[in-house]
Amino acid sequence: MPGSFKTEAVVLRSIRFGEADRVLHLYTEERGRVGAIAKGVRRVRSRFGGRLEPLFRVRLILHEGRGDLCTVSAAETVHPHARLREHREGLDRGVQAADAVLRLFDAAEPNRPAYNLLCQELALLDHSPEAATRAQALAFRMKLMLAAGFAPELAGCATCGEVEAGGLFSPAAGGVVCSACEAGAFPLERPGQEFMVAALARPLAEAPTAADPALRQADRAIVETLEHHAHVRLRRVA
Amino acid sequence: MYAAPVSRLIAELSRLPGIGQRSAQRLAFHLLRASSEEAAALAEAIQEMKRTVGLCERCFNLAVGPLCRICEDPRRDDDTLCVVEEPSDVIPMERTNEFRGRYHVLGGALSPIDGVDPEDLRLEELFRRVEGGGVREVVVATNPTTTGEATALYIADSLRERAPSATVTRLASGLPVGADLEYADEVTLGKALRGRSSL
Ligand SMILES: [Zn+2]
Ligand SMILES: [Zn+2]
C-alpha cells in the first residue's frame, strides 16, 4: 500500500547505488528492519547532508512505493554520534553493534527493546569513547541476545535442569550444562559465567568486566549460541 | 522479441552503471543505425583500454605501463603522500591544482560489515612505502563517510606505530561552497565550526 510514514531509525549500513544514490539498511523504531533508497545523497549539496551515514539516529519520512525499498523523503537528526566517529575503538564498536543488529534482526517487525538497546549503546560509546572495551561490547551482545529471544540458560543445566551445573557451556543446548549432559560443551568457568549473568542483570552503562580468559569464554559462548540457534555468524568481539 | 545479437547487446549495455533497460535499448538502436566504422571504433576503444590500462605498481592508480603518469613525473614532491580510496578520487584532487605530492590508492575503505578488512586493501603497501623513509606527510583523503573515517583512523593508528616520524593529516571537513547553512548536518557543521579560521 503506497504512502508515507514517519519513524525514528538508526542507519545500520549504506551501500553506494547508481550515480549518486545509496541503499540504506535501517533499523526503525516503528517497523523493525526497513530497506530504503536515499536519492542524490552522495552529491556534495544533497539536502540530507551526512544524516544518512551509518550510526546516525534520525527521524525519517519514508515513502513506500510498490518495490521492496522505501524512498527517504526527509531526514532530521536525533543523535549524530559525532564524537564516536573520531575515536577508532568507539567507531569500531559502534559499527560492530550495528552489524550485530543487522544480522540478528532482519524482520520487518518492531522490536523496541532491541531498538532502544542499539540507541543506548551508540549514545554510550559517543559519550565516553573509553567505554569501548571488549567487556562492554560483550555485555551489549548479551542484552541483544535477550531482546532477540536467544538468551542462554545460565542458572542451571540447559538440558536436564540440574542446578549443580557449572564449568561447561553447550551452544547446542543453549546454556550451561552439567557433567552428565556435556556432549559438545566447552569450558565456561565461573568468572565467565558470572560475567554473562551480570551483563544481563545490569544496565548497559554499568556493564561488568572480567579478566581476558573469562571474556574469551563468554565471547565463544555468545557467538556459538547465536550460530546454533539464530543461524547468524557474528565475528568474535576480541 | 529482438534478434539474438541485439538482445545480447541490450543485456550487456544494461549492466553498465546508470543504464536501465530503456537506455540500453536506445543505445543499441543507435549503434544499429550507426556506420560500421563508428561501431568498430567504440568496440576497439573498449578493447584497447582493457588491454593497456592496468594499475600502477607503486601507487595503484590507473596506469598505462608499470607506473602511472604521476609516479613518473619527476617534478612531484616525494615527501607528501595523498591516500585515496579509488583511482577515480585522484582526478578531483588533481583538478584542485593544490596538491604537488604523490598518491596511494587503497582500492576501497575498511568496512567489516561488508567484509572489507585491512588485508583486502593496499594498506600494507602504504605502510611499507612510508616506513621506507622520505615521506614527511601522509594526507588521508578517504571519503568523509563512516567507512572512510574508520579507514583514516586505522591508518593514523598504524602509522603512529610503524612510522612515527611521518605526520598524518586528514582533509578538513566543512560546508560546500554555495550550500545553505540550514541543510548542513550536525557533524559537518560541528567540524566546520571547530575548523574556523580568522578573517
Ligand atoms: Zn544436565
Ligand atoms: Zn603511480
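In what sense do strand 6 and strand 7 of chain A pair, and over how many bridges?

Author: Happy to, with one reminder at the start: this is a predicted model. Strand 6 of chain A, residues 167-170, pairs with strand 7 of chain A in the antiparallel sense, and the pairing runs over two bridges. Within it, A:F169 stands opposite A:V176, which belongs to strand 7 of chain A.

The pair is part of an open sheet of three strands in chain A, with the order 7-6-8 and antiparallel pairing. Strand 7 (175-176) and strand 8 (186-188) of chain A each have a single partner strand and stand at the edges, so one side of each has no neighbour in the sheet.

A:F195 counts as buried because it has 23 C-beta neighbours inside 10 Å, where the cut-off for a buried residue is 20 or more. Leaving aside residues up to four places away in sequence, A:F195 touches A:P208, A:A210, A:A214, A:L215 and A:A218. For a sense of scale, the C-alpha atoms of A:F195 and A:A74 are separated by 42 Å, and these two residues are 121 places apart along the chain.

Now for the wider setting. Chain A has five helices and eight strands, and from the N terminus on its elements run β-β-β-β-β-α-α-α-β-β-β-α-α. Its radius of gyration is 20 Å, close to the 18 Å that the globule rule gives for 238 residues, so chain A is as compact as a globular protein of that length. Along the principal axes, the C-alpha atoms of chain A fill a box of roughly 60 × 40 × 25 Å. Of the 238 residues of chain A, 44% count as buried. Among contacts in chain A with a separation of 6 or more, 55% come from residues 24 or more positions apart.

Helix 2 of chain A has 16 residues and reaches 22 Å from its first C-alpha to its last, close to the expected 22 Å. Its buried residues are A:A114, A:Y115, A:L118, A:E121, A:L122, A:L124, A:L125 and A:D126. What covers the buried residues of helix 2 of chain A includes strand 1 (3-17), strand 2 (21-28), strand 4 (57-64), helix 1 and helix 3 (134-148) of chain A.

Helix 1 brings us to the other chain. In all, 24 residues of chain A are in contact with 20 residues of chain B. Helix 1 (residues 88-104) of chain A gives the largest share of the chain A side, with seven residues. That side has nine nonpolar, four polar and 11 charged residues. As for chain B, its domain assignment gives domain 1 (1-37) and domain 2 (73-170), with 39 Å between the centres of these two domains of chain B, taken over C-alpha atoms.

Technical notes:
Residues numbered from 1 in each chain as written. Chains lettered and ligands numbered in written order. Predicted model: local features only at pLDDT ≥ 70, side-chain atom pairs only at ≥ 80, totals over all residues. Pairing = 2+ DSSP bridges. Helix = DSSP H or I, 4+ residues; strand = E, 2+ residues; numbered from the N terminus. Domains from an automatic or database assignment. Buried ≥ 20, exposed ≤ 12 C-beta atoms within 10 Å, placed from the backbone. Contact = placed C-beta atoms within 7 Å. Nonpolar A, V, L, I, M, F, W, Y, C, P; charged D, E, K, R; others polar. Expected span 1.5 Å × (residues − 1). Rg over C-alpha atoms; globule rule 2.2 N^0.38 Å.
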